[in-house]
Amino acid sequence: MNTTFMTTPQPELNWELPARGRTAMFCLIAAESAIFTIFVVAYLFYIGKSLTGPMPKDVLTAPIFYTICLLSSSLTIHLAVSALRRGNIGTFGTWWLGTLALGAAFLYGTANEWHRLIYVDGLTINTNLFGTTYYSLVGLHGFHVIVGLLCLSIVMVFTLLGSVKREHVERAEVLSLYWHFVDAVWVVVFTVVYVIGH
Amino acid sequence: MSTDAISTLRVEMPSRPLVAKLHEWVTTVDHKRLGILYIAYALVFLVIGGIEAAIMRIQLIRPHYNFVSPGLFNQMFTMHGTTMIFFVVMPLLFGFANYLIPLMIGARDMAFPRLNAFSFWLTAFGGIFLYFSFLGANGLYGAGSAPDVGWFAYAPLTSQTFSPGHSTDFWTLSLLVSGFGSIGTAINIIATVLCMRCPGMTLGKMPLLVWLNLVMAVLVILAISPLTAAQVMLLVDRYLGGHFFDTQAGGSAVIWMHFFWIFGHPEVYVLVLPAFAFISEIVPVFSRKAIFGYPAMVAAAVCIAFIGMSVWAHHMFTIGMNSNANTFFVLTTMAIAVPTGIKIFNWLATMWGGKIHFKTPMLFAIGFLFQFLIAGLTGIMLGVAPFNWHLGNSYFVVAHFHYVIVGGILFATFGAFYYWFPKMSGKMYSEALGRLHFWLFVIGFHLTFDFMHIPGLLGMPRRIYTYEPGRGWDTWNLIVTIGVFFQAAGILVFAGNLLRSYFRGKTAGSDPWDAWTLEWSTSSPPPEWNFAVVPVVKSRRPLWDLKHPSDPDWKYE
C-alpha cells in the first residue's frame, strides 16, 4: 500500500537521550569559545607590537579582588542550583542574588579600571595596538558578563514573584552553565592580559 | 487507517484568504515550512547571483569590451561570491537539513522550533540588507553602491582610507547577522540529532544524511564563529579607530587572511558535506543496494571535518609564508584527499553490482561523482605550494573552486531537488524536463568551467575587468561565456519543471522511489506533526524492514 507505514512503540525499549537544553548550551559555548579564541590569538599576536605607548607594564595592574569576586560567583550559582534541586526556594534566591552581586562587583571593577585607563593614562581603543586588543578582548568578556547578568536578573525577578519552582531546576542549570563559561573565559583573559601580556 | 483521516482533513480544509496564508508562512515555526522558506529564498538569490555571473562573463566575452564599468565589475564579483556562498548554497543546504532531519530521525520537529524561525529570518535579513547596499550605501562611487572589496575582503583594502562610505560595512554587517543565523541553525541541528531521535535510532542507525549534517553543523560552529570575530574586529577598525588590520600602526594585513580562511576553508566542507549527504541517500536508492561501508563513510566525514580545520593557509601560499608553514599546509591538504577518496570509492562500490535506475536524481549524482573527482584533482594540484605560486589568483583557481561548488555541490543539490520534490510537494516532476535540465547543465558547465582552466594556465589573473587581445585568452573566454547561456537555459528548464509539476504534476504518493528512510513512510507532503505515531526503528533502513518483514535488515547489521 502506498500510504503510511507505522510501527507501534515498544514499551520495553529503554530509550533515553541527552537533554536538549544542555546540549544546545554546550554547542553555544563551543561557538563562543571559537570567537574568544580568535580574539585571544589577536591579543597574543600583537603583544609588544604597539608603535607608541602606553604599554601594558606601565598602566595595567591585575584586578585580583574583582577576579576573586567573579570566580566565587561560580560557586554561589552552583549552590543556588543545588538548593533549587532540593526545592529550597529561599536558599536558591539568596545564592542567586549573591551571584548577581558578585557579577555586578566585577563589572564595577572593570568600569573603574577603564575609567582610570582612559582619563588618567590616556589609553583608548585607538591609541595603539595594545589599546585596540585590550579593550576588544576585555570588552568582549565584559559584554558576556552583562548578558549573563541580564539573564540572571530575569530569573531573580521571577524568583521574587514566586514563580520559580523546583521543576525549573534544569533551566536554571543550563543558565548556570553559561555563567560558568563566562567565569572560565575570564581565567583565560586574565592569564593572557595580566600575566603573559604584562 | 489514520493516514486516510489525515488526507481527508487536508481536503476539507476551507481555502483561506491570501493574507492569512502569508501570515501563516511568516509566523511559522514548522521545520518543513522553514525548510521550504530557506530553499525558496536561496533560489531567488541563485537567480540574482547567476545574473551577476552572467554580467561578468559578458564583460569578458572579448578583449577591451565595455559592457560594464570597472567599478561595477568589482561590485559584481564581490556580490556574486558573497551571495552564492552565504545566501544561496548555505540556505539551500540548511533548508534541506531543516526539512529532512526531523523526518529522517522520526521526530515531530526540530529541537528548538522558534530558534529555527529566528535563524531563518536573521539569514533572510542578512541577504536583503546586503542587497540594500545598491540603494543605500554611500561608497566609493557616490550615492548608492554595493561592496566591491572581493568576497574575502582583504585588509587593508577594507580600511576607511581605501573603502570610504558604507559599502564595506554592508558586507560586514550582513555576514555578521547571517552568521548568527547560521550558528543558531547549527546549534539546532546538533540538538535535534542528539536529543530528538525516535526510539531505536542509535547514532549508528541514523541515515548518512543525518550523520553528515551533524558533522556539518559542528563545522559551522567552529568555522562561522571565527568569521564573526573577524568581522567584529573589522568593525572596530572601521568605526572605533582600532588597529587590528592597520599596517601603519603595527597591525597586520596577513592576520585578516588567516582569520578569514580559518573560516573560509572549513566553509568549503560545510558546503560539501551536505552535498555528500544527498549523494549518500540518492546513490543507494537508485542502485537498489544498501550503502557500501556505512561506518567508513561516517568516519571519513568526521575525518574530513577534523583535517578540514587545519588546511586553511593553502589559500595563502602566494603571500609568502615560511617553508615550515608551507610544508604543513601542503601535507594537510594532501591528507584530506584520503577520506574524500574513501567516500568516492564507497559510492562507486554502492553502485557496483547494483541495479541502477537512471532517473534524474541519479543522473545528477553520477555527474557529481565525475565532476567532484576532477575538482578534487585540481585541488591537489593547487595544494602543492610551488604549483600554487604560479597559478594562485589565476583563472585556474576560479575554475577549480567552481568545479567544486557548481560541478559538485550544485549538481548534488539539483539531484536532491528532484529526489525530494515528490515528498515536499506531493507531486511528481517531469522526467523529460529533468533530463533536459541535466544535459543542458552538463554541457553548459563543462563549456564554462573546463575551458576556464586554460586561460588560467596561460596566466590570466582573476578579477580583471578586461584584457589585452593577442595573449591567447580570447577564444577561451568566448567559449566560457557561451557555456553560461546553456547553464541559464538549464536553470529556466529547472524552474519551469518545478512550477509546472507543482501545479499540474501527477500525484506522487508517499514513497515514489521505493526508498528506505523514514521520511518516505509518511504522506507527501507530510502532515504538520510528521508522524501520527512516533516510529520505532531497528536498523539503518527502517522502511525496508517494514516492507520485507520476512527478511529485515536488523538480522544482518
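This is a predicted model: local features need pLDDT of at least 70, side-chain atom pairs count only at pLDDT 80 or more; totals for chains, interfaces and linings use all residues.
**Entry 1: helix α3 of chain A**

I looked up what covers the buried residues of α3(A), and the cover includes α4 (89-119) and α6 (169-196) of chain A. Helices here are DSSP runs (H or I, at least four residues), numbered from the N terminus. Buried means that 20 or more other C-beta atoms, placed from the backbone, lie within 10 Å of a residue's own. Among the buried residues I noted A:Leu70, A:Ser73, A:Ile77, A:Ala80 and A:Leu84.

Residues are numbered from 1 along each chain as its sequence is written, with chains lettered from A and ligands numbered from 1 in the order in which they are written.

Next I checked the span: α3(A), residues 64-86, reaches 34 Å from its first C-alpha to its last. Just after α3(A), I found A:Gly87 with a positive phi of about 85 degrees.

**Entry 2: where the chains touch**

I turned to the contact between the chains, which takes 45 residues from chain B and 36 residues from chain A. Contact means C-beta atoms, placed from the backbone, within 7 Å. On the side of chain B that touches chain A, α7(B) gives the most, with 10 residues.

**Entry 3: a helix pair in chain B**

Last, I saw that α8(B) and α9(B) pack at an angle of about 170 degrees, with their axes (lines fitted to C-alpha atoms over the stretch in contact) 9 Å apart. They are therefore roughly antiparallel (over 145 degrees between N-to-C directions, on a scale from 0 to 180).

How values were computed
Two residues are in contact if their C-beta atoms, placed from the backbone, lie within 7 Å. Helices (H or I, at least four residues) and strands (E, at least two) are DSSP runs, numbered from the N terminus. The expected span of a helix is 1.5 Å times one less than its number of residues. A residue is buried if 20 or more other C-beta atoms lie within 10 Å of its own, exposed if 12 or fewer, and partly exposed in between; C-beta atoms are placed from the backbone. Angles under 35 degrees count as roughly parallel, over 145 as roughly antiparallel, 65 to 115 as roughly perpendicular and the rest as oblique.
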